[in-house]
Amino acid sequence: MAFGGCASPRGTVRRGEGFQAVAGIEARGFALAGGIAAQHQVGVLTVRKAGKLPGEVLSEQYALEYGEAELELRPGQLPQGTRVLVVDDVLATGGTAAATITLLERAGYEAIGFAALLELDGLAGRERVEARVPVTTLGAVPA
């Protein structure tokens with residue numbers, strides 16, 4: 001993965017996993033996705049908060065530790081079956097990551113992993129997301 005140079009990332013997503021696009025979760029995930037996609041010469045998808053994307057969208061509601069939220073993705077941007085790496089800045093409870101993976105699957109793509117810069121230990125986010133895809137983070141701190 002694009003996290004080369006880190007001495008000991010936590011997780012299993014590795015360089016050469018064969019992803020064809022990177023999905024960045026709003027908003028800091030956009031910058032990470034752009035950098036990883038440029039390094040690997042693949043496409044970028046943006047997963048946004050509800051009401052921010054034009055045209056037809058797929059929506060996914062999910063629970064947060066303090067309420068509910070909704071994410072959206074424009075379908076049809078890539079061929080069916082495209083292998084997508086999901087990235088964000090922080091992995092906490094895993095709700096946002098799980099909702100993003102669901103959106104990608106509903107759009108006909110294959111989520112192959114999740115990567116974040118920082119993981120908040122003790123919130124079970126890794127367990128929730130790893131039940132679906134491999135997870136890699138650069139570091140962790142107590143929640």
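Which residues form a nonpolar patch on the surface? The patch is made by V90, L117, L118 and V141, which together have about 240 Å² of accessible area. A patch here joins nonpolar side chains (Val, Leu, Ile, Met, Phe, Trp, Tyr) within 5 Å, and like charges within 9 Å, taking residues with over 30% relative accessible area and no salt bridge; the areas come from the Shrake-Rupley method with a 1.4 Å probe. Of these residues, V141 has its place in strand β8, which spans residues 135-142, and V141 counts as partly exposed because its relative accessibility is 32%. In these terms, buried means under 20% relative accessible area, exposed means over 50%, and partly exposed lies in between (1.4 Å probe, protein chains only).

The structure is a predicted model, in which local features need pLDDT of at least 70 and side-chain atom pairs count only at pLDDT 80 or more, while totals for chains, interfaces and linings use all residues. Residues are numbered from 1 along each chain as its sequence is written, and side-chain values use heavy atoms, with hydrogens and water left out.

Seen as a whole, the protein has three helices and eight strands, where helices (H or I, at least four residues) and strands (E, at least two) are DSSP runs numbered from the N terminus. Followed from the N terminus on, the elements run β-β-α-β-β-β-β-α-β-α-β, and of the 143 residues of the protein, 44% count as buried.

One of the buried residues is I25, which is found in strand β2 (residues 21-25) and counts as buried because its relative accessible area is 2%. The C-alpha atom of I25 is separated by 4.9 Å from that of V47, although the two residues are 22 apart along the chain.

The next topic is the pairing of charges. Side chains of opposite charge can pair when their charged atoms come close. The structure holds eight salt bridges, each being a side-chain nitrogen of Lys or Arg within 4 Å of a carboxyl oxygen of Asp or Glu. In one of them, R48 is joined to E26, with the closest N and O atoms 2.8 Å apart. This pair links distant parts of the chain, since R48 lies in strand β3 (residues 43-49) and E26 in the loop between β2 and α1 (28-40), 22 residues apart. E26 counts as buried because its relative accessibility is 13%, whereas R48, at 22%, counts as partly exposed.

The side chain of E26 also meets that of K52 in a salt bridge (2.7 Å, N to O), and here again distant parts of the chain are linked, with K52 in the loop between β3 and β4, 26 residues from E26. K52 counts as partly exposed, at 42% relative accessibility. A further salt bridge joins E119 and R126, whose closest N and O atoms are 2.9 Å apart; E119 is buried at 4% relative accessibility, and R126 is buried at 12%. Salt bridges that share partners join E26, R48 and K52 into one network.

Finally, the largest pocket is lined by 23 residues, of which Y62, L64, Y66, D88 and T96 lie nearest its centre. On a 1 Å grid over the protein atoms alone, a pocket is an open set of points where a 1.4 Å probe fits, with protein on both sides within 12 Å along at least five of seven lines, and lining residues have an atom within 4 Å of a point. Strand β6 gives the most to this lining, with four residues.
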